[in-house]
Amino acid sequence: MTQAPAIPHVVGVLGGGRMGAGIAHAFLTKGATVIVVERDHEAASGAQGRVADAVAKSAARGTLNETPDAAMSRFSTSTDYQSFIHCGLVVEAVPEDYDLKVTALKAVEEHLSADAFLASNTSSLSVTGLANELRRPANFVGLHFFNPVPASTLIEVVLAKETSPELAEAAKSWTEALGKTAVVVNDAPGFASSRLGVAIALEAMRMVEEGVASAEDIDAAMVLGYKHPTGPLKTTDIVGLDVRLGIAEYLHSTLGDRFAPPQILRDKVARGELGRKSGKGFFEWND
């Protein structure tokens, strides 16, 4: 397989959960060698399985230009940050917690060459704030992938104040090479996508809370009336209610009361109703 020239030859992903595995799959299927680093061997094994499953599904859909075995021969997992030493790009995909991300990004940077790039998949946290914690902020950018990564055609490229013009252009080239479209935004709370998406979702939750309509009917109104592919409450279930709560709390602290999380969201998260990943959120999930 001929590698797309815009894709770094070796790409690292920190964190192999649903998002990290999706990001790894995206680069892997476009010809890159991909390394996922996880916290322990059990998590690394889970990441291996998720990526292998995604590659097999791509082959079944006819969207893989090589055999699954050929693709997976370029994939590996590790529990050692030293494994990132040859990467031209590492994408951080750990949970949406500022202190955790800072610690992780600093640890990754210590093992990268001076000309390597580092990105965060954060969906709302300040990319400039994260960059300011690093020794080479010009080499840092936000690459906000969307769930599920294989089906999504969007990557939000978030520029920190010190992101170099070279990296800004490279990020757009990577996005195009992955077969996706780049939306470029300057760093701001919630960027463009999370800020708008969460605003709609929170209002939908308040409507359920107030008994205005059922979750099904609210979502149907947006799908049928505004041509959204998925309603805001089902999207919340797919993203994860805990993730949405964390973003809402951050936006509330930075942008004010219009992003205050409704009590129904807090209650559901407290009960463990996290959406698709727990089997129940605003809807029941059986997959």
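Trainee: Where is G31 found?
Mentor: G31 sits in the loop that joins helix 1 (18-28) to strand 2 (33-37), where helices (H or I, at least four residues) and strands (E, at least two) are DSSP runs numbered from the N terminus. Bear in mind that this is a predicted model, in which local features need pLDDT of at least 70 and side-chain atom pairs count only at pLDDT 80 or more, while totals for chains, interfaces and linings use all residues. Residues are numbered from 1 along each chain as its sequence is written, and side-chain values use heavy atoms, with hydrogens and water left out.

Trainee: And is G31 buried or exposed?
Mentor: G31 counts as buried because its relative accessibility is 10%, given that buried means under 20% relative accessible area, exposed over 50% and partly exposed in between (1.4 Å probe, protein chains only). The C-alpha atoms of G31 and R74 are separated by 8.4 Å, although the two residues are 43 residues apart along the chain.

Trainee: Changing topic, which peptide bond is cis?
Mentor: The bond from N147 to P148 is cis, with omega near -5 degrees, and P148 belongs to the loop between strand 6 (140-145) and strand 7 (154-159).

Trainee: What about phi of K227?
Mentor: K227 is a residue other than glycine with a positive phi, near 65 degrees, and K227 lies in the loop between helix 8 (215-226) and helix 9 (232-239). K227 counts as exposed because its relative accessibility is 67%. F191, also not a glycine, has a positive phi of about 55 degrees and is found in the loop between strand 8 (181-186) and helix 7 (193-209). With a relative accessible area of 5%, F191 is buried.

Trainee: Which feature does UniProt place at residues 190-285?
Mentor: The unreviewed UniProt entry gives "domain: 3-hydroxyacyl-CoA dehydrogenase C-terminal" there, in the numbering used here, with a shortened feature name, and such annotations may be inferred rather than shown by experiment. That span is 62% helix and 0% strand, and its end C-alpha atoms lie 27 Å apart.

Trainee: Stepping back, how many helices and strands are in the protein?
Mentor: The protein has 11 helices and 8 strands, and buried residues make up 50% of its 287 residues. Of the contacts with a separation of 6 or more, 67% come from residues 24 or more positions apart, a contact being heavy atoms within 4.5 Å. Along its principal axes, the C-alpha trace spans about 55 × 45 × 35 Å.
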